[in-house]
Amino acid sequence: MISSLLGLSVLAVAGVHASDPKLYQRATYATPTAPAASGASSAPAATITIGPSSVPTPGSVPEDYSPSGLEQLWDFVGNVTAPPFTTTYEPSLPIPVPSAPPPLYPAWYAPQPAQIFPNLKLPEGFIFGVATSAYQVEGAVKNEGKGPTAWDWASRQPNFIEDGTNADIADLQYYLYKEDVARAAAMGVTAHSFSISWARIYPYGVAGSPVNQQGIDHYSDLIDYHLSMGVDPVVTLFHWDTPLAVNAYYGGFTNERIVDDYVNYAKTVFKAYNGRVQTWYTFNEPSVHCGWVAQYPFNVSLAPGVNSSTAPYHCAYYLLKAHAGAVQAFREMNISGSIAYKNNDLVGMPWRANNPEDIAAVERHASFGIGLYANPVYTNGDWPPIVKETLPESWLPRFTEAEMQLINGSADFFAIDAYASQYIAAPPEGITACQANMSDPAYPACNSVMLYAYAPGYSGLVGRPDIVANDTFMALAGTNSTVDEVTLSEVRKRQSTANATDDAGYGEFDPGLSVTGYPDMGWAVGPSPDPASNAWLQATPQMLRYYLGEIYRRWPAPWIYISEFGMAEPYENLRTEMWQITEDPTTTNYFMTNLGEALLAIYEDGIPLRGTFSWGMIDNAEWNYGLEPKFGLQHVNYTTLERTYKRSMFALSEFFAAHLVPTGGAGNATS
């Protein structure tokens with residue numbers, strides 16, 4: 001899932017029982033967010049005690065591929081919580097599916113999922129997918145030969161994970177994958193997009209270092225089980241969990257050496273699973289990853305000569321070369337299936353419809369966001385012109401002709417993590433002034449993402465002509481809730497600063513700045529998620545058709561997948577009763593409205609959409625937000641590891657059961 005970096009761009013009443021209750025009585029252990037379960041094993045929580053945490057700067061450890069060398073790498077991480085069991089659980093089949101919940105709303109108000117455009121069917125072969133990633137769900141971080149990742153280390157750093165948790169256990173899908181795949185299959189899911197942990201295949205990360213056969217075997221078993229359950233495995237090679245070794249050896253994605261090491265890893269995986277996987281991704285959301293590289297705590301691992309300003313662009317350069325090299329190998333090795341990478345970000349609409357500055361800001365956002373990667377891959381092999389015009393070569397390395405030829409066309413389709421779309425505005429001082437001032441917080445992209453509509457003379461100002469006339473308003477500034485009277489320009493500057501520095505990802509309106517009577521503040525673009533995700537996520541189905549249309553127009557491809565989309569159910573983390581937890585109306589509405597718009601995009605706009613992947617299969621560790629945001633279609637009890645379907649999972653199941661066309665059917669409108 002994302003914590004997408006638009007601001008830096010470049011810069012879910014289900015049954016409460018599981019299929020086998022005995023599974024959840026196999027061990028008692030303490031997790032980061034819950035006490036140990038009662039009535040189970042009285043054994044204490046198992047922890048692995050190793051050396052003190054330290055900082056993985058480049059060259060901080062020798063490239064020692066021995067067991068002691070691996071322990072040196074784990075010393076950076078510190079103590080690791082061991083899983084409560086270390087064998088793959090075998091679920092009892094078939095998985096019992098509880099009765100579906102009653103309708104959420106009266107039929108006159110909102111149709112049931114099966115009745116959303118009932119005469120429109122999805123194209124034949126359309127994918128009903130769910131998604132996860134290795135770091136977020138696997139747990140078992142130090143088991144079966146795995147090396148540490150940068151996120152294993154980062155989750156221990158002060159004030160980084162907002163709720164203080166880590167992913168040592170998380171959902172323990174590493175040993176519970178059969179349970180999860182079987183539960184998904186029972187609801188009609190046809191594909192699961194998951195990632196492979198590079199550090200499970202190459203604990204030391206680099207070419208020439210030992211391959212971990214246990215890791216190869218695990219993912220082989222995982223893929224085979226998917227196929228046996230009728231769920232297609234969709235594999236992402238890299239979902240941000242860089243082997244810590246490559247950071248400590250040479251600076252990871254800010255050093256050109258990463259290209260050959262990544263391609264070596266990719267070739268190993270291609271060879272191991274060829275013929276069993278038909279859809280591959282090289283990278284997940286590269287702009288997010290490259291934005292993280294430049295931020296705390298990852299910026300301690302920058303290669304010599306690279307700083308936090310230039311790091312995202314050097315990362316983008318090497319990542320695109322690694323992507324293209326892996327795709328070249330994929331094709332030369334005659335690997336079956338198709339391959340691309342997962343885009344994120346949005347094009348956006350001008351905040352002020354006919355304002356030339358905002359129209360120009362949209363182009364800048366598209367160029368520094370999706371376009372930074374999509375232009376080279378889907379257009380001409382080179383950076384977007386706006387980016388080249390803005391950034392010197394010292395910031396943004398230029399591609400050679402040979403590199404452009406290799407990168408151009410290095411994807412078979414377009415995948416977009418289409419969580420939301422929003423408005424784009426010019427910076428408060430204007431684009432030209434921003435471009436001329438490298439110290440401007442909005443530089444170099446010089447645009448702002450707006451979470452609310454432009455509404456001059458907003459009704460909230462009635463009775464306050466002094467505020468309108470003086471272009472001032474009252475604002476609660478920051479978390480201390482003190483009141484400031486500030487100018488509109490100052491607020492826009494604060495907004496722009498939030499855009500440039502938000503470590504949550506999208507970098508939109510600073511949630512610490514609550515505004516009363518903002519002259520230009522209209523209605524929100526869409527319903528808000530859990531507060532932990534306020535900075536970047538809204539439900540914006542009304543913008544999906546435009547979003548997909550702009551992608552198809554700018555970066556045409558034979559077909560498109562919505563490779564991730566989802567919603568963090570507001571305040572679910574505060575609920576304790578299962579009948580409340582499983583009722584996730586915001587998430588349910590998010591999926592149904594987006595899927596209805598997706599149908600219209602296919603039939604009315606001609607978008608070649610071939611599948612959607614809902615985030616997530618289960619609740620998971622949401623990166624720097626920890627375990628608080630709940631994106632899962634299934635609730636996970638982090639004391640017992642029990643999974644429970646939520647309403648949103650039933651809604652998706654009903655929608656796709658009604659709209660998918662059996663193989664050989666007529667995937668078109670019916671009368």
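User: Are Y262 and Y265 buried or exposed?

Analyst: Both Y262 and Y265 are buried. Buried means under 20% relative accessible area, exposed means over 50%, and partly exposed lies in between, with a 1.4 Å probe and protein chains only. This is a predicted model, in which local features need pLDDT of at least 70 and side-chain atom pairs count only at pLDDT 80 or more, while totals for chains, interfaces and linings use all residues. Residues are numbered from 1 along each chain as its sequence is written, and side-chain values use heavy atoms, with hydrogens and water left out.

User: How is a pair of aromatic rings described, and which type of pair do Y105 and Y109 form?

Analyst: A pair of aromatic rings is described by the distance of the centres and the angle of the planes. Rings of Phe, Tyr and Trp (its six-membered ring) pair if their centres lie within 6.5 Å; planes under 30 degrees apart count as stacked, over 60 as edge-to-face and the rest as tilted. The structure holds 52 aromatic pairs. For Y105 and Y109, the ring centres are 5.3 Å apart and the planes stand at 65°, so the pair is edge-to-face. Y105 is partly exposed at 28% relative accessibility, whereas Y109 is exposed, with a relative accessible area of 56%. Y262 and Y265 also form an edge-to-face pair, with 6.0 Å from centre to centre and 65° between the planes. Y262 and Y265 are three residues apart in helix α8, a separation of about one helical turn.

User: Which residues do ring pairs link into a cluster?

Analyst: The cluster linked by ring pairs consists of Y135, W151, F160, W240, W292, Y296, F298 and W623.

User: What separates R257 from D261, and which helices hold E604 and R545?

Analyst: Helices (H or I, at least four residues) and strands (E, at least two) are DSSP runs, numbered from the N terminus. The side chains of R257 and D261 meet in a salt bridge of 3.7 Å, N to O. R257 and D261 are four residues apart in helix α8 (residues 257–273), about one helical turn. R257 is partly exposed at 33% relative accessibility, and D261 is buried at 3%. E604 and R545 form a salt bridge of 3.0 Å, N to O. This pair links distant parts of the chain, with E604 in helix α20 and R545 in helix α18 (residues 544–554), 59 residues apart.

User: How many residues of helix α21 are buried, and what covers them?

Analyst: Helix α21 (residues 647–659) has 13 residues and reaches 18 Å from its first C-alpha to its last, close to the 18 Å expected at 1.5 Å a residue; the expected span is 1.5 Å times one less than the number of residues. Ten of the 13 residues are buried, so α21 is largely enclosed by the rest of the structure. Among the buried residues are R647, F650, F656 and H659. The covering elements include β3 (127–131), α20 (585–605), β18 (609–615) and β20 (643–645).

User: In which strand does F565 lie, and with which residues is F565 in contact?

Analyst: F565 lies in strand β17 (residues 560–565) and is buried, with a relative accessible area of 2%. Contact means heavy atoms within 4.5 Å. Leaving aside neighbours within four places in sequence, the contacts of F565 include A418, Y419, Y590, F613 and W615.

Definitions and conventions:
A salt bridge is a side-chain nitrogen of Lys or Arg within 4 Å of a carboxyl oxygen of Asp or Glu.
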